Amino acid sequence: MSVYALETEALGVSFGRFRAVDGVSLKVAKGELRVLLGANGAGKTTLMDLISGRTRSTSGRVLLNGRDVTNLREYRIARAGIGRKFQIPSIFTGLTVRQNIEVAQSHHPGVFSNLRIGRSAADRARVEEVIDLVGLSDQMKTEAGTLSHGQIQWLELGMLMIQSPDVILLDEPTAGMTQAETGKTAAIINRLKGNQTMLVVEHDMAFVRDIAEKITVLHLGRVLAEGTVAEIESDAAVRAAYLGSQEISAC
Amino acid sequence: MTSLLTNYRIWAYLLFFAVLLALPLTGDDFWLNRVAKYLCFGMLGAAIALTWGYAGVLNLGQGLFFGLGAYAMAMPLKLASYTSLQQGSDQPVPDFMLWNAQPGASTDLCCITPGSWLWIPFQSQWFGVAMAIIAPVIVATLLGRLIFGQRISGVFVSIITLALVLLARLLLVDAQPLTNGFNGLTDLGYFNLFGTELDPYAVTTYYVITIALIVVLVLARLLVATRAGTVLQATRDSQTRALYLGYDVPAYQTFFFAVSAAISGLAGMLYVVVAEFASPSFLDLTFSVSMVVWAAVGGRGSILGACIGAILINVLEARASETEALVEAWKAIVGLVFVLVVIWLPQGLGGFAHDMMRRLTGRWRPEALKQEVRQ
C-alpha cells in the first residue's frame, strides 16, 4: 500500500493545441487536506475532472491508494473511493435532511435488498454523527428543498462523507456563501482534517488560510509552487503570477 | 423517533378504516354497492399516488391496468352467468360468441370463434383472479424496462402510456368475437368465494372489498416507508444523483410501476364483481385522466389522501348528479372543485391535512417563509 491516498503522475490533457493541464504531479498523503489555488483558467477544475473521470486525460496517471484509476468510467472511480462535490449542488429536494443522508448511505444498490424498514443501530448512529458534523442537527426533519444555499452545500458534503470515500474532491465549497456560512464550512472541513483526505479548490484566501495545511498553486496548467500558507504568501513567483496586483493579505 | 401512537398518520388510517367498516350500519344496500365501487376507485387513487407522487412518473394510461384486471375477472364471471349455460353446449359458452360464430361452427369454447380457446383457462375463477394481477404486472414490467431503461422521463412517459391505453382500447374493440367489442362483457354471474356467492348488493361483498382496500393501503404505505421507498423518492428529485450514489434507478422505477399496476388490476377485478360488467370504456382516456384528477385533489403525495380523494369526488359526483337542481351543472361543479384545489391546495387535501396536523402539534415551521425573510 502506498502512503499516499491520491497521487497524480505527470497528469495532462490537451484540448486541441491547448494544454489545460500540463504534467501535474501531486502527492496527497492519507488524511491530508490539500488546497489547489490558481487564477481562472489555471486548470484547477480540469484537474479535478481528470481525477474523477469526467474528462479523459491524454497523458500521465492517477493513483488511488497506489491503485491505477486513470480514465476509468465516472461511476467506477466513484466506487473505487473518490467522492466529488460539484460547484452546483445536487441533493434530493423532496426528502428530509435525514433521508438525504440515509439514501447516500447505500450498502445495496438493488430494489429487493432494500425492501425493509429501518436500519441498524450502527447505521443510524453514523447518520446522526454525520448530520451533526455538518451542523444540520436542528434541521434533521426539514425538507431539503427549503434549506438555505449554505445548508444545501453542507448537506451535500454530508452525503459525500457518509459514503466514506478515500478521497473527497471539493470544488469551491464556499461559492456564493455569506461570511458566516464560509466560517462554518471551514469549521466542518477542519473537523474532518486528519481523518479524511481532501482536495479542495478555492479562491477565497481567508477561507484557505482557515483550512489549509499545504497549498499547491497551479498556473497555466502547471504546478507553480507548493508549500504552507506562509510560504505561498511570501513566494515571489506566486505573487507575480497569480496574485498580481491583488493584495492577498487584504482579503 | 416518534412513537407509533403519537404519529397522527397512523390515526388517520385507523379512522378511515373504522368509517369504512362501520358504513354497513347505515343499512342502505344501494349506497353500499355504490361505495364499494368507489372503494375500487380509491385503490386507483392510491396507485396513482404511488407512481406520480412518490416516483414523479405521471401515468396517463392507468386505465390499461384497470381494464386488464376487469376483463380477467369478467371472463370467468361471464362463463358463470346463466346466459352462458343455454347455448346448446355441454360447457358454458358466452352468448355473444354464438352470435359471432360462423354458421355450422362447433359450439365448444375451443373453436367457436377465432381465438376463443383463450377463454378455456378462464373457466376457473381463480385463474381469472390470478391473471387480473399477473397480466398488469407483466405488461408494466415490460413497459417499465423499456421506458425507464431508456432513461425516458417526465412528460414523455405520460405520452407513451396515453398512446398505449388508446391502442389497447382499439385492439379490445376490434377483437369483437373474443371480447364482445364495444358492448363489453355484461350479464355476469356472481363470484363464488369459498362457497359464498358475492352478490354485489350484499354486505359480505362490501366487506370483501373494504378488506382488500385496507390491505392495499397498508401494504402500499409500508412499501413507501422502506428504504427502497425512500430511494424511489430520491430518484424523483434527482435521477443523476441517485445514479451517482450507485442505485439502479430504472429497476426502482419499474418495480413501483409494476406494484401500481398490480393495485390497479386488483381494483379492476373487484370493480367487476360489484358493477357486473366490463367495458372498453375502462380504457377511455377520460377515465385515466379522471384518476389523475382524483389523486391530485386528494393529494398525490399521500397514499391515503389520494384514495380518499377518489372516493370523495365520486360520492360528490353521484350526489350532485342526482340532485335535481344540479343535474345540468354537476360536471361544472366537480370541475370547479378541481380548479380550486389545484390553485389553493397544490398538495391536495392530504397535504392540507398534513400541514394542519403539524400546526396543531406545534411541529409546523414555515421554513420557506423564514428563508425569504433571511435573504
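Over residues 292-316 of chain B, the chain is 84% helix and 0% strand, with the end C-alpha atoms 17 Å apart. The model is a predicted one. Residues 328-347 of chain B are 75% helix and 0% strand, and here the end C-alpha atoms lie 30 Å apart. Both segments carry the annotation "transmembrane region" in an unreviewed UniProt entry, which also assigns it to residues 6-26, 38-57, 126-148, 155-172, 204-224 and 245-272 of chain B.

The contact between the two chains draws 28 residues from chain B and 35 residues from chain A. Together the chains bury about 2800 Å², of which 56% is on carbon and sulfur atoms. Three residues, Arg227(B), Arg241(B) and Leu245(B), account for 28% of the area that chain B buries against chain A, more than any other three residues. One of these, Arg241(B), also forms a salt bridge with Glu156(A), in which the closest N and O atoms are 3.7 Å apart. The count of salt bridges between chain B and chain A is 1. Polar contacts across the interface, with both residues at pLDDT 80 or more, amount to 8 residue pairs.

On the chain B side, at least two residues each are supplied by helix H8 (203-225), helix H9 (227-237), helix H10 (239-244), helix H11 (249-275) and helix H16 (367-374). H9(B) provides the largest share of the side that touches chain A, with 8 residues. By residue class, the side of chain B that touches chain A comprises 13 nonpolar, 7 polar and 8 charged residues.

Chain A contains an open sheet of 4 strands in the order E2-E1-E4-E5, with antiparallel pairing. Strand E2 (18-29) and strand E5 (67-68) of chain A are the edge strands, each pairing on one side only.

Strand E1 of chain A, residues 4-15, pairs with E2(A) over 8 bridges in the antiparallel sense. These two strands form a hairpin with 2 residues between them, and Gly16(A) in the turn has a positive phi of about 65°. E1(A) also pairs with E4(A), again in the antiparallel sense, over 5 bridges. Thr8(A) takes part in both pairings: its bridge partner in E2(A) is Leu26(A), and its bridge partner in E4(A) is Val62(A).

At the other end of the strand order, E4(A), which spans residues 59-64, is joined to E5(A) by 2 bridges, and the two run antiparallel. Leu64(A) stands opposite Arg67(A) of E5(A). E4(A) and E5(A) likewise form a hairpin with 2 residues between them; in this turn Asn65(A) has a positive phi, of about 50°.

Definitions and conventions. Residues are numbered from 1 along each chain as its sequence is written. Chains are lettered from A and ligands numbered from 1 in the order in which they are written. This is a predicted model: local features need pLDDT of at least 70, side-chain atom pairs count only at pLDDT 80 or more; totals for chains, interfaces and linings use all residues. Side-chain values use heavy atoms; hydrogens and water are left out. UniProt positions are given in the numbering used here, feature names are shortened, and annotations may be inferred rather than shown by experiment. Contact means heavy atoms within 4.5 Å. Buried area is the accessible area (1.4 Å probe) that two parts lose on being put together, summed over both. A salt bridge is a side-chain nitrogen of Lys or Arg within 4 Å of a carboxyl oxygen of Asp or Glu. A polar contact is a pair of N or O atoms within 3.5 Å; within protein, one must be able to donate a hydrogen and the other to accept it, and residues adjacent in sequence count only if both atoms are side-chain atoms. Ala, Val, Leu, Ile, Met, Phe, Trp, Tyr, Cys and Pro count as nonpolar, Asp, Glu, Lys and Arg as charged, and the others, Gly among them, as polar. Two strands pair if DSSP finds at least two bridges between them.
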